[in-house]
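The following questions and answers work through one protein chain. Please look at the sequence and the coordinates before reading on.

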Amino acid sequence: MTARRAAASGSRRGIRRGLAAAALVLGGLASAALLRPADPAASAEVAVVGRGTVEDTVTALGKIQPRAYVDVGAQVSGQLTRLHVAVGQMVREGDLLAEIDPALQQAKVEAGRAERARLTALLAEQRARADFAEAQLSRQAALRRSGSGRGEAYDQARMEARIAAAQVEATQAQIRQTDSTLQADEAQLGYTRIYAPMSGTLIAVDARQGQTINSAYEAPVLMRIADLSAMTVWTQVSEADVTRLTDGMPLYFTTLGHPGRRWTARLQEILPAPPKPPASGNGGSSATGGGGAANSVVLYTALFEIANDRGELRPDMTAQVFFVAAAAKDAITVPVAALSLADGAAERHRVTLIGSGGAIETREVRVGVRDRFNAQILEGLAEGERIVVGWKTDDGRPPKIGFRL
């Protein structure tokens, strides 16, 4: 029994010695690994030099509106008795859109025509009196020349002839005045039938059949007709970027409703002043004279047109507009994060490369067009080379890279 215990105790001591030896070996290996110089390339975040398109753009938001449209209003007051169109309907110039009760205007026209008829009859009577007075004057003049007439009778006849002629002229003036009033009343009567002033699509109808229209103070807008075959994009550009825009520069824009679709155009016009701000609460204007408050962003309006033959663009859509200040296609590109400024010209930068054997070197390059993420390399790098864009942290995670704009 004693022998068995002694053998077991010896076995345990052997196991302990073996474990201790193994621990010494592992510790030595770990120390050797720590003392061995680390590979610098292993801690680098690497990107491969490739080719692509780089665009230097000015970004802005815009609203899409019809290039040509008209607000159709009412020029007379009354009840809207008939509405012949609906929203979305295509109309041609001259089509009847709506009718307003013409009773009041018709009564005015009838009254004017009756007054003109009365004045016409009165003019005929006065012309007859004038002719008679003229004949009387001729007889008295003949008697006066023969010496048998009285001077008082001649003077009376001459006065009556002149009065009759004046009455004819007065009635003729009244007829002209009545004609003018009648013409205006007939025009007002014509305004009770509203016709399309242009061809296009009805994009809004604000009136309802049976509604009473009051045009005493201003012409109420009943509907809007727009030509949707071409649209104008009203783009708001900040004062920091508007100086980079030039007439005719290329651009493209996207809309929320057509992801992945690009429309291309060219800038046509930059309005010389920003939109006028709304009046302040006390009725006064802004102190900045149209540019908004001192602590707000001043926005200028840039305009361009785009064809809309397929009708994909709709009024009031929001457009994300990119004005292309410079572009490089099929260019050698690197991430902006890989660049660091070099002494000298602004286009000179430095990059860190990893060679085929893992060696790290620094090289100076010349940069062309750049955007927020990539830059065009004009000289200094070749396609396929590996460059360092950052270094891993001690815990092995990628570093937080800040892009330089």
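**Strand pairing, confidence and pocket**

Q: In this predicted model, which residue in E17 stands opposite Leu353?
A: Leu353 has its counterpart in strand E17, a strand that spans residues 360–370. The residue of E17 that stands opposite Leu353 is Glu361.

Q: How many bridges join E16 to strand E17, and how many residues lie between them in the hairpin?
A: E16 and E17 run antiparallel and are joined by seven bridges. Gly358 sits in the turn of their hairpin, with a positive phi of about 90°. The number of residues between the two strands is five.

Q: Which residue in E19 is the bridge partner of Leu353?
A: Strand E16 (residues 348–354) is joined to E19 by two bridges, and these strands run antiparallel. The bridge partner of Leu353 in E19 is Ile387.

Q: Which residue in E19 is the bridge partner of Ala47?
A: Strand E1 (residues 44–48) runs antiparallel to strand E19 (residues 386–391), with five bridges joining them. Ile387, the bridge partner of Leu353, is also the bridge partner of Ala47. The residue asked for is therefore Ile387.

Q: Which residue in E18 is the bridge partner of Arg366?
A: A hairpin joins E17 to E18 through three residues. Three bridges hold E17 and strand E18 (residues 374–379) in an antiparallel arrangement. In E18, Arg366 has as its bridge partner Glu379.

Q: What is the order of the open sheet of four strands, and which are its edge strands?
A: The four strands of this open sheet have the order E6-E5-E3-E8, with antiparallel pairing. Two of these strands each pair on one side only. The edge strands are strand E6 (193–195) and strand E8 (212–213).

Q: Which residue in E5 is the bridge partner of Arg82?
A: Strand E3 (residues 78–83) and strand E5 (residues 96–100) run antiparallel and are joined by three bridges. In E5, the bridge partner of Arg82 is Glu99.

Q: How many residues apart in sequence are the parts that the pair of Phe253 and Trp263 ties together?
A: The structure holds three aromatic pairs. One of them is formed by Phe253 and Trp263, which are stacked at 5.5 Å centre to centre with 15° between the planes. Phe253 lies in strand E10 (residues 250–255) and Trp263 in strand E11 (residues 263–266), so the separation of the parts tied together is 10 residues.

Q: Which strand gives the most to the lining of the largest pocket?
A: The largest pocket holds about 420 Å³ of space. Among the 15 residues lining this pocket, the closest to its centre are Glu55, Thr57, Thr59, Asp371 and Arg372. With six residues, the strand that gives the most to the lining is strand E2 (residues 50–73).

Q: How many residues of the lining of the largest pocket are charged?
A: The lining divides into three classes. Five residues are nonpolar and three are polar. The number of charged residues is seven.

Q: Over which residues does pLDDT stay under 50?
A: For the protein chain, the mean pLDDT is 83, and 81% of residues reach 70 or more. Where pLDDT is low, the predicted coordinates should not be read in detail. The model has zero contacts beyond four places in sequence for residues 1–8, and zero likewise for residues 28–37. The stretches with pLDDT under 50 include residues 1–8 and residues 28–37.

Definitions and conventions:
Residues numbered from 1 in each chain as written. Predicted model: local features only at pLDDT ≥ 70, side-chain atom pairs only at ≥ 80, totals over all residues. Heavy atoms only, no water. 1 Å grid on protein atoms, 1.4 Å probe; cavity = no way out; pocket = protein on both sides within 12 Å on 5 of 7 lines; lining within 4 Å. Points joined across faces, edges and corners; volume = space filled by probe spheres on them. Nonpolar A, V, L, I, M, F, W, Y, C, P; charged D, E, K, R; others polar. pLDDT = per-residue confidence, 0-100. Contact = heavy atoms within 4.5 Å. Phe/Tyr/Trp six-rings, centres within 6.5 Å; stacked < 30°, edge-to-face > 60°.
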